[in-house]
Amino acid sequence: MLRYIQLRLLVAIPTIVGLSILVFLMIHLLPGDAVDVMLTEQGASAAQLAEMKHQMGLDRPIYVQYWMFAKDAVQGDLGRSVFSNQPVTTQILEQLPSTMQLTLAAMIVSLVVGIPLGVFAAVRHGTWMDSVSMAISLVGATMPSFWIGLLFIFLFSSRLGWLPASGTAGFKSLIMPSVTLGLYSSAVIARLTRTSMLEVFRQDYVGTARAKGLSERTTILRHALRNALLPVVTVVGLQISYLLGGAVITETVFARQGIGQLAVGAVLQRDGPLVQGTVLFLAVVFVIANLLVDISYAVLDPRIRYR
C-alpha cells in the first residue's frame with residue numbers, strides 16, 4: 001500500500017507543476033492587467049505605470065516571473081492582491097470555510113439522493129419505477145445549475161418566503177445553494193449506481209447468497225452494494241472537484257461568500273495575483289481529491305495496488 005501511495009504522489013507532483021505553469025501563462029499572456037486598470041482610472045502617467053510594474057516585477061522576463069511565483073507558492077505565498085494589498089493566501093483561507101461548507105453539504109445531498117435512487121432503479125429494473133427514477137436523474141443532469149438556483153429563489157424565497165435568497169447566515173441560507181449544486185452530481189451518481197448494481201446482480205456470488213437463503217435486503221446491502229460502489233467512489237472524487245468549480249456559479253447566484261465570489265470579483269477587477277491564486281488553489285484541490293480517490297479505491301479493492 002505504501003509503495004502504491006508513493007507512486008501516485010510521483011504522478012501528482014508533475015501534474016501540479018504543469019497546472020501552475022498553465023495557470024501562470026493564462027493570466028500573464030492576457031492583454032492588460034490590474035495595474036493598467038487601477039492607475040488609468042486614477043489618471044496616472046506612463047512613468048507611474050512603469051514604476052509600479054517594476055515594483056511588482058511585471059517588467060521582468062516571463063520565466064523569471066514564474067520562477068519567483070513558484071518559489072513563493074511552494075512556501076504558501078501566492079502573492080498580494082493588487083487592489084486590497086492583502087496576501088492572496090489569507091483571502092483564500094478566509095473564504096475557504098464557506099466554500100467547503102457548501103461543497104460538503106452539496107456532496108451529502110448528492111449521495112443521499114443519488115445512491116438510494118440508483119439502487120431503487122436497479123432493484124426495479126425494467127419496471128415503470130425504473131423509468132421514472134432514471135427520468136428524474138436525467139432532468140437533474142440536464143438542467144443548468146444557475147437556472148435551478150434562480151427557480152428556487154423565485155419559488156421558495158420570493159413566492160413562499162420559506163428560505164433566504166442570499167447570504168451565509170444560518171442553516172436555512174445553505175439549503176437552496178447545496179441542493180442546487182448537488183442535483184447534477186446526484187443524477188450522475190444515481191445513473192452510475194444503477195449500472196454498477198445491475199452488473200453486480202449478474203455475478204455468481206450474488207446468486208450464491210440468494211441460494212443460501214439470505215434475505216433480499218441483506219443480499220443487496222451486504223453483498224451487492226459494497227462491490228457496486230467501487231466505480232461510484234471514483235465518480236464521487238471527481239464530483240468533489242466539480243462541486244468546487246460549480247461553487248463559483250452557485251455562490252454568485254445566491255450572493256454567498258466563498259472562493260467562487262472571490263474569484264469572480266478578481267476577474268472583474270483584473271486582479272492577476274488573486275485570480276492566479278484562486279485558480280491554482282482549486283486546481284491543486286482537484287489533484288489532491290483525485291489522489292485520495294485513487295488511494296481509497298485501492299483500499300476497497302486490494303487487487304488494484306498489486307497491478
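Phenylalanine 152 is buried, with a relative accessible area of 17%, where buried stands for under 20% relative accessible area, exposed for over 50% and partly exposed for values in between, computed with a 1.4 Å probe on protein chains only. The model is predicted, so that local features need pLDDT of at least 70 and side-chain atom pairs count only at pLDDT 80 or more, while totals for chains, interfaces and linings use all residues. Residues are numbered from 1 along each chain as its sequence is written, and side-chain values use heavy atoms, with hydrogens and water left out.

The protein holds 12 helices and zero strands, these being DSSP runs (H or I, at least four residues, for helices; E, at least two, for strands) numbered from the N terminus. Of its 307 residues, 38% count as buried.

Phenylalanine 152 lies four residues from phenylalanine 156 in helix α7, and the two are therefore separated by about one helical turn. Their rings form an edge-to-face pair, at 5.7 Å centre to centre and 65 degrees between the planes; rings of Phe, Tyr and Trp (its six-membered ring) pair if their centres lie within 6.5 Å, and planes under 30 degrees apart count as stacked, over 60 as edge-to-face and the rest as tilted. Phenylalanine 156, at 24% relative accessibility, is partly exposed. Its ring also pairs with that of tryptophan 162, and because the centres are 6.1 Å apart and the planes stand at 35 degrees, this pair is tilted. Tryptophan 162 itself is exposed, at 54% relative accessibility.
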